[in-house]
Amino acid sequence: MSEQTAGRRVVTNMALSLDGHYARPDTPVDMGWVMPYAITDVARDHLTSLWEPATTALLGRVNAEGFLAFWPTVIGGEGADRRDEAFAKWLLDVDKVVLSTTLGQAPWERTAVVDRPTAEVIADLKAAEGGDILVLSSASVIKALLAADQVDRLALTVFPVFLGGGPRLFDDGLPEGRWRLVSQTAGDHGTLSLVYDRVR
């Protein structure tokens with residue numbers, strides 16, 4: 001069995017708390033709990049390894065609005081880490097697909113807004129030429145891809161904090177399958193990056 005499918009890979013990236021949640025129970029859009037750990041070398045190097053081979057970014061509307069409001073402000077900022085600036089520039093320049101049922105038109109350059117099932121969108125993207133398709137922290141998109149068994153590479157950063165509740169990435173009822181650990185890196189601040197490839 002091979003660990004990768006032929007052609008473009010679908011790579012998903014998500015930050016999780018140590019007790020398995022990706023957001024707080026009461027304020028799901030508040031990512032303040034992530035910030036102390038997202039600026040560690042482990043987290044920054046992890047993200048860099050994911051976006052460098054990617055030529056398409058796939059996001060849900062909420063994450064697109066958050067990412068594309070914040071990251072451009074990093075470029076040229078005083079004391080900005082070179083890895084953060086490089087990611088911000090990539091995000092602006094890369095082809096972006098935003099899945100949304102409510103957004104009529106994209107306010108960002110190089111962005112297509114699509115109101116179609118996630119599985120169909122991925123099938124079309126994989127049929128086109130290009131590098132990896134990187135899904136950036138959009139839980140609803142990643143959940144749909146996991147349910148359809150369309151994730152080729154699963155990347156996680158685990159941060160040493162308990163949120164005590166909130167939504168989980170891995171719902172019951174996902175298709176059975178095996179995954180191969182391809183990299184693991186632990187940092188001084190307790191941050192752990194894990195990358196798994198789907199065994200097909």
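This is a predicted model: local features need pLDDT of at least 70, side-chain atom pairs count only at pLDDT 80 or more; totals for chains, interfaces and linings use all residues.
## The largest pocket

A pocket here is an open set of grid points with protein on both sides within 12 Å along at least five of seven lines, and its lining residues have an atom within 4 Å of a point.

The volume of the largest pocket is about 1100 Å³. Its lining counts 39 residues, and Met31, Val34, Asn63, Phe67 and Ser137 are the ones nearest the centre. At least two lining residues come from each of E1, helix H1 (35-38), H2, H3, H6 and strand E6 (153-159). H3 provides the largest share, with six residues. Sorted by class, the lining holds 23 nonpolar, eleven polar and five charged residues.

## Helix H3

Let us stay with H3, which spans residues 61-70 and has Asn63, Ala64, Phe67 and Leu68 as its buried residues. Looking down the axis of H3, these buried residues fall within an arc of 110°, so they line one face of the helix.

## Helix H5

Helix H5 covers residues 118-127, and its buried members are Thr118, Val121, Ile122 and Leu125. Down the axis of H5, the buried residues sit within an arc of 95°, so they too line one face of their helix.

The packing partners of these H5 residues are strand E1 (10-17), E2, E3, strand E4 (111-114), E5 and helix H6 (139-147).

## The nonpolar cores

Which residues have the most contacts inside the largest nonpolar core? They are Phe87, Trp90, Leu91, Leu134 and Leu136, in a core of 25 residues. Helix H2 (41-51), E2, H3, H4 and E5 each give two or more residues to this core. H4 makes the largest contribution, four residues.

Ala57 belongs to strand E2. Why does Ala57 count as buried? Its relative accessibility is 0%, and buried means under 20%. Setting aside residues up to four places away in sequence, Ala57 touches Trp90, Val94, Asp95, Lys96, Val97, Leu134 and Leu136. Of these contacts, Trp90, Leu134 and Leu136 are also listed among the residues with the most contacts inside the largest core. Along the chain, Ala57 and Val97 are 40 residues apart, yet their C-alpha atoms are separated by 6.2 Å.

Thr157 is a residue of strand E6, and at 6% relative accessibility it counts as buried. Its contacts, not counting residues up to four places away in sequence, are Met14, Ala15, Leu16, His46, Leu192 and Ser193. Asp81, by contrast, is in the loop between H3 and H4. With a relative accessibility of 18%, Asp81 still counts as buried, since the cut-off is under 20%. The C-alpha atoms of Asp81 and Ile39 are separated by 8.8 Å, while the two residues are 42 places apart along the chain.

## Two loop residues with positive phi

Ser137 sits in the loop between E5 and H6. Its phi is near 60°, a positive value in a residue other than glycine. Is Ser137 buried or partly exposed? At 23% relative accessibility, Ser137 counts as partly exposed.

Asp149 is found in the loop between H6 and E6. Though not a glycine, Asp149 has a positive phi of about 55°. Asp149 is partly exposed, with a relative accessible area of 27%.

How values were computed
Residues are numbered from 1 along each chain as its sequence is written. Side-chain values use heavy atoms; hydrogens and water are left out. Buried means under 20% relative accessible area, exposed over 50%, partly exposed in between (1.4 Å probe, protein chains only). The arc is that of the directions from the helix axis to the C-beta atoms. Contact means heavy atoms within 4.5 Å. A nonpolar core is a set of buried Ala, Val, Leu, Ile, Met, Phe, Trp, Tyr and Cys residues joined through side-chain atoms within 4.5 Å. On a 1 Å grid over the protein atoms alone, a cavity is a set of points where a 1.4 Å probe fits but cannot get out, and a pocket is an open set with protein on both sides within 12 Å along at least five of seven lines; lining residues have an atom within 4 Å of a point. Grid points are joined across faces, edges and corners, and a volume is the space filled by probe spheres set on the points. Ala, Val, Leu, Ile, Met, Phe, Trp, Tyr, Cys and Pro count as nonpolar, Asp, Glu, Lys and Arg as charged, and the others, Gly among them, as polar.
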